[in-house]
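Here's a quick walk through a single model, helix by helix and residue by residue. Keep the viewer open and click along as you read.

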Amino acid sequence: MSITIDVSNIPVLREPIYRAAREGLEQGIEQGRSAGMADLFVAQLFTAFGELPDDVVARIGELPTVHLMELAIDIGTSI
(Lines give C-alpha, C1' and ligand atoms only; values in the text may rest on other atoms or scores of the structure.)
Protein backbone atom coordinates (compact mmCIF):
# COMPACT_ATOMS: atom_id res chain seq x y z
CA MET A 1 0.00 0.00 0.00
CA SER A 2 1.41 3.40 -0.94
CA ILE A 3 0.57 6.81 0.41
CA THR A 4 0.55 9.91 -1.79
CA ILE A 5 0.91 13.34 -0.24
CA ASP A 6 0.18 16.45 -2.30
CA VAL A 7 2.91 18.79 -1.02
CA SER A 8 1.67 21.66 -3.22
CA ASN A 9 -1.07 22.18 -0.65
CA ILE A 10 1.44 22.76 2.15
CA PRO A 11 1.86 26.57 2.34
CA VAL A 12 5.53 26.56 3.35
CA LEU A 13 6.42 24.37 0.34
CA ARG A 14 4.22 26.10 -2.23
CA GLU A 15 6.65 28.92 -3.15
CA PRO A 16 9.73 26.67 -3.61
CA ILE A 17 7.67 24.28 -5.74
CA TYR A 18 6.33 27.10 -7.95
CA ARG A 19 9.79 28.69 -8.20
CA ALA A 20 11.32 25.38 -9.28
CA ALA A 21 8.56 24.92 -11.85
CA ARG A 22 9.10 28.44 -13.24
CA GLU A 23 12.86 27.92 -13.42
CA GLY A 24 12.38 24.59 -15.17
CA LEU A 25 10.02 26.18 -17.67
CA GLU A 26 12.43 29.05 -18.32
CA GLN A 27 15.29 26.60 -18.87
CA GLY A 28 13.17 24.57 -21.27
CA ILE A 29 12.21 27.68 -23.23
CA GLU A 30 15.85 28.76 -23.45
CA GLN A 31 16.92 25.29 -24.61
CA GLY A 32 14.21 25.35 -27.26
CA ARG A 33 15.23 28.83 -28.38
CA SER A 34 18.86 27.75 -28.60
CA ALA A 35 18.01 24.61 -30.56
CA GLY A 36 15.87 26.63 -32.97
CA MET A 37 18.64 29.19 -33.47
CA ALA A 38 21.16 26.39 -34.09
CA ASP A 39 18.81 24.85 -36.66
CA LEU A 40 18.46 28.22 -38.39
CA PHE A 41 22.22 28.74 -38.51
CA VAL A 42 22.81 25.22 -39.85
CA ALA A 43 20.15 25.83 -42.53
CA GLN A 44 21.84 29.09 -43.51
CA LEU A 45 25.21 27.37 -43.75
CA PHE A 46 23.67 24.54 -45.76
CA THR A 47 22.16 27.06 -48.18
CA ALA A 48 25.50 28.82 -48.57
CA PHE A 49 27.91 25.88 -48.58
CA GLY A 50 25.99 22.60 -48.91
CA GLU A 51 26.10 19.60 -46.62
CA LEU A 52 27.95 20.08 -43.32
CA PRO A 53 29.91 17.42 -41.45
CA ASP A 54 28.05 15.94 -38.48
CA ASP A 55 30.70 17.10 -36.01
CA VAL A 56 30.28 20.71 -37.20
CA VAL A 57 26.50 20.49 -36.77
CA ALA A 58 27.01 19.03 -33.28
CA ARG A 59 29.42 21.82 -32.30
CA ILE A 60 26.99 24.45 -33.57
CA GLY A 61 24.31 22.88 -31.35
CA GLU A 62 26.54 23.44 -28.32
CA LEU A 63 27.00 27.18 -28.89
CA PRO A 64 25.25 29.66 -26.58
CA THR A 65 22.13 31.31 -27.99
CA VAL A 66 23.70 34.77 -28.08
CA HIS A 67 26.59 33.52 -30.24
CA LEU A 68 24.21 31.68 -32.55
CA MET A 69 22.20 34.87 -33.00
CA GLU A 70 25.32 36.85 -33.88
CA LEU A 71 26.50 34.20 -36.34
CA ALA A 72 23.09 33.91 -38.00
CA ILE A 73 22.94 37.69 -38.44
CA ASP A 74 26.49 37.82 -39.78
CA ILE A 75 25.95 35.05 -42.32
CA GLY A 76 22.56 36.49 -43.28
CA THR A 77 24.18 39.76 -44.26
CA SER A 78 27.07 38.02 -46.03
CA ILE A 79 25.06 35.80 -48.35
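## What α1 hides

In α1, the buried residues are Ser34, Met37, Ala38, Phe41, Val42, Gln44 and Leu45. Buried here means under 20% relative accessible area, exposed means over 50%, and partly exposed is in between, with a 1.4 Å probe and protein chains only. Helices are DSSP runs of H or I with at least four residues, numbered from the N terminus.

A word on provenance: this is a predicted model, where local features need pLDDT of at least 70, side-chain atom pairs count only at pLDDT 80 or more, and totals for chains, interfaces and linings use all residues. Residues are numbered from 1 along each chain as its sequence is written, and side-chain values use heavy atoms, with hydrogens and water left out.

Helix α1 has 39 residues and spans 57 Å from first C-alpha to last, close to the expected 57 Å at 1.5 Å a residue. That expected span is 1.5 Å times one less than the number of residues. Just after α1 comes Gly50, with a positive phi of about 90 degrees.

## How α1 meets α2

Helix α1 (residues 11-49) packs with helix α2 (residues 54-61) at an angle of about 145 degrees, and their axes are 9 Å apart. The axes are lines fitted to C-alpha atoms, for helices over the stretch in contact, and angles run from 0 to 180 degrees between N-to-C directions. On the α1 side the contact uses Ala38, Phe41, Val42 and Leu45, and on the α2 side Val57, Ile60 and Gly61. Contact means heavy atoms within 4.5 Å.

Sorted by type, the residues of this contact come out as six nonpolar, one polar and no charged. The bookkeeping: Ala, Val, Leu, Ile, Met, Phe, Trp, Tyr, Cys and Pro count as nonpolar, Asp, Glu, Lys and Arg as charged, and the others, Gly among them, as polar.

## The nonpolar core

Which residues make up the largest nonpolar core? There are 10 in all: Met37, Ala38, Phe41, Val42, Leu45, Leu52, Ile60, Leu68, Ala72 and Ile75. Helices α1 and α3 (65-78) each supply at least two residues of this core, and the largest share, five residues, comes from α1. A nonpolar core is a set of buried Ala, Val, Leu, Ile, Met, Phe, Trp, Tyr and Cys residues joined through side-chain atoms within 4.5 Å.

## Zooming in on residues

The contacts below leave aside neighbours within four places in sequence. Ser34 sits in helix α1 and counts as buried because its relative accessibility is 13%. Ser34 touches Leu63, Thr65 and Leu68. Met37, also found in helix α1, is buried, with a relative accessible area of 12%, and Met37 is in contact with Thr65, Leu68, Met69 and Ala72.

Leu45 lies in helix α1 and is buried at a relative accessible area of 12%. Contacts of Leu45 are Gly50, Leu52, Ile60 and Ile75. Ile75, for its part, contacts Phe41, Gln44, Leu45 and Phe49.

## Out in the open

Is Ile3 buried or exposed? Ile3, placed in the segment before α1, is exposed, with a relative accessible area of 73%. Ile3 and Leu25 are 22 residues apart in sequence and 28 Å apart in space, C-alpha to C-alpha.
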